[in-house]
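Hi everyone, thanks for making the time this morning. I'd like to walk you through one structure, starting from the whole chain and ending at a ligand. Let me put it up on the screen.

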Amino acid sequence: MGLAHRRLLLLLLHLLLLVAAAAEAAAAGAGRKEKGIGGGGGLRFRGGSGTFKVVQVADMHYADGRRTGCLDVLPSEAAGCSDLNTTAFLYRLFRDEDPDLVVFTGDNIYGFDATDAAKSMDAAIAPAINMNLPWAAVIGNHDQEGTLSREGVMRHLVGMKNTLSRFNPEGIEIDGYGNYNLEVGGVEGTLLANKSVLNLYFLDSGDYSTVPSIGGYGWIKASQQFWFQQTSSNLQTKYMKEEPKQKAAAPGLVYFHIPLPEFSSFTSSNFTGVKQEGISSPSINSGFFASMVEAGDVKAAFIGHDHVNDFCGKLNGIQLCYAGGFGYHAYGKAGWSRRARVVSVQLEKTDGGEWRGVKSIKTWKRLDDPHLTTIDSEVLWNRGSNGRRKKNPDGKMR
Ligand SMILES: *[C@@H]1O[C@H](CO)[C@@H](O)[C@H](O)[C@H]1NC(C)=O
Ligand SMILES: *[C@@H]1O[C@H](CO)[C@@H](O)[C@H](O)[C@H]1NC(C)=O
Ligand SMILES: *[C@@H]1O[C@H](CO)[C@@H](O)[C@H](O)[C@H]1NC(C)=O
């Protein structure tokens with residue numbers, strides 16, 4: 001055997017080993033995932049009420065705590081206003097809503113003004129940790145502007161206490177940092193206890209365009225959409241084909257930071273909430289909305305980024321929702337309260353009184369005023385009202 005042949009053989013052997021190692025890693029990942037509901041997070045619906053409640057916190061823009069002043073508050077409110085007001089709002093809100101999960105949808109810290117990004121993130125998230133709430137986070141376009149890179153910020157987040165955030169799916173190459181999903185199990189002791197009856201998807205919507213000829217914000221890349229499609233498809237197969245088999249897919253909710261271009265599809269005649277600034281989406285459409293529509297299980301997508309927009313509007317069966325800005329060191333509108341979005345998912349009860357799959361998805365917002373006022377309560381999705389294919393566009397059954 002010549003030297004060239006031996007080299008080729010060695011190379012092939014090397015490749016074979018790499019493939020085997022990758023397969024093993026993927027199998028280990030799958031094994032971990034299958035052990036429990038909730039992707040290891042152990043999330044499940046409550047037995048008493050048959051509900052699962054998510055509080056979304058968008059754009060805290062946390063910096064250095066007491067030393068960091070507030071933006072866009074009334075002149076009378078400026079003195080003594082700091083990041084600590086953001087912290088106080090978190091505590092009041094969590095006490096009142098008692099959520100099953102808190103989701104921080106990016107620009108959690110304002111990197112430029114944070115002396116130490118890790119410490120700033122620790123302080124920003126602290127109320128969720130101190131109140132022992134499970135929480136998940138994605139990153140926005142400002143989290144990495146301080147002492148940590150985007151990768152560094154996400155690595156820090158996944159190492160924090162009580163977090164269900166994950167860095168990225170195992171065993172595949174993917175754009176961005178912090179693309180993952182969480183499963184929410186049915187009520188303990190019921191038929192659907194070991195199935196994910198609600199699926200949560202989290203994506204990194206990037207920061208800025210990296211294509212020199214295109215300016216503006218980043219977008220959800222093809223690799224991330226491919227991962228989302230595969231994940232959604234696998235979850236749907238599992239839900240509908242494995243015992244106890246279900247007739248329709250479990251609903252999905254998606255969380256990320258930057259609005260998709262489709263957020264511009266509405267006027268005040270067809271959304272609930274307000275639009276007080278432009279939609280700051282990327283200047284090109286990377287197709288993630290189409291991916292969600294095609295997947296079929298997604299009922300709503302929740303974002304932040306534009307602090308003084310807080311509406312939900314429905315397009316092609318998917319509710320597109322802003323949360324409205326939360327943090328006091330973020331631009332806002334003086335006299336217009338900082339706010340958060342709550343989503344409450346309700347299970348259906350059988351005639352025998354046992355909890356089953358999801359029946360409805362509701363939302364409302366809470367304002368940081370003396371009464372934590374609730375506004376804009378609405379039903380986002382109802383079982384049976386949506387997603388059932390009936391007729392062809394011309395109205396004829398074929
Ligand atoms: C900020 O917190 C301080 C101290 O609790 C409070 O007096 C002040 O009213 C708060 N400001 C705003 C704008 O909520
Ligand atoms: C769910 O899994 C647990 C633990 O493996 C098992 O004891 C229980 O019987 C399962 N419940 C259903 C409804 O399959
Ligand atoms: C909302 O209403 C506007 C104005 O009537 C219309 O142009 C637009 O298509 C509507 N959007 C959706 C998603 O229904």
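I'll call a residue buried if 20 or more other C-beta atoms lie within 10 Å of its own. Keep in mind that what you see is a predicted model. On that count, 44% of the 398 residues of the chain are buried.

Now the overall layout. The chain has seven helices and 13 strands. If we take contacts between residues at least 6 apart in sequence, 69% of them join residues at least 24 apart.

So what sits in the largest nonpolar core? It has 90 residues, and V57, W135, F202, V254, Y255, A300 and A301 are those with the most contacts inside it. Helix α4, residues 117-130, gives the most to this core, with six residues. Let's look at V57: beyond its neighbours within four places in sequence, V57 is in contact with L90, V102, F104, F326 and A340.

Next, a residue I like, F45, in the loop between α1 (3-35) and β1 (51-57). Is F45 buried or exposed? F45 is buried, because 27 other C-beta atoms lie within 10 Å. Again leaving out neighbours within four places, the contacts of F45 include V184, G186, V187, L347 and W355. F45 and E188 are 143 residues apart in sequence, yet their C-alpha atoms are 7.9 Å apart in space.

Last stop, ligand 3. Around it are S265, F266, T267, S269, N270 and L315. By class, that shell has four polar and two nonpolar residues, with no charged ones.

That's my tour; happy to go back to any view.

Note on methods
Residues are numbered from 1 along each chain as its sequence is written. Chains are lettered from A and ligands numbered from 1 in the order in which they are written. This is a predicted model: local features need pLDDT of at least 70, side-chain atom pairs count only at pLDDT 80 or more; totals for chains, interfaces and linings use all residues. A residue is near a molecule or strand if its C-beta atom, placed from the backbone, lies within 6 Å of it. Ala, Val, Leu, Ile, Met, Phe, Trp, Tyr, Cys and Pro count as nonpolar, Asp, Glu, Lys and Arg as charged, and the others, Gly among them, as polar. A nonpolar core is a set of buried Ala, Val, Leu, Ile, Met, Phe, Trp, Tyr and Cys residues joined through C-beta atoms within 7 Å. A residue is buried if 20 or more other C-beta atoms lie within 10 Å of its own, exposed if 12 or fewer, and partly exposed in between; C-beta atoms are placed from the backbone. Helices (H or I, at least four residues) and strands (E, at least two) are DSSP runs, numbered from the N terminus. Two residues are in contact if their C-beta atoms, placed from the backbone, lie within 7 Å.
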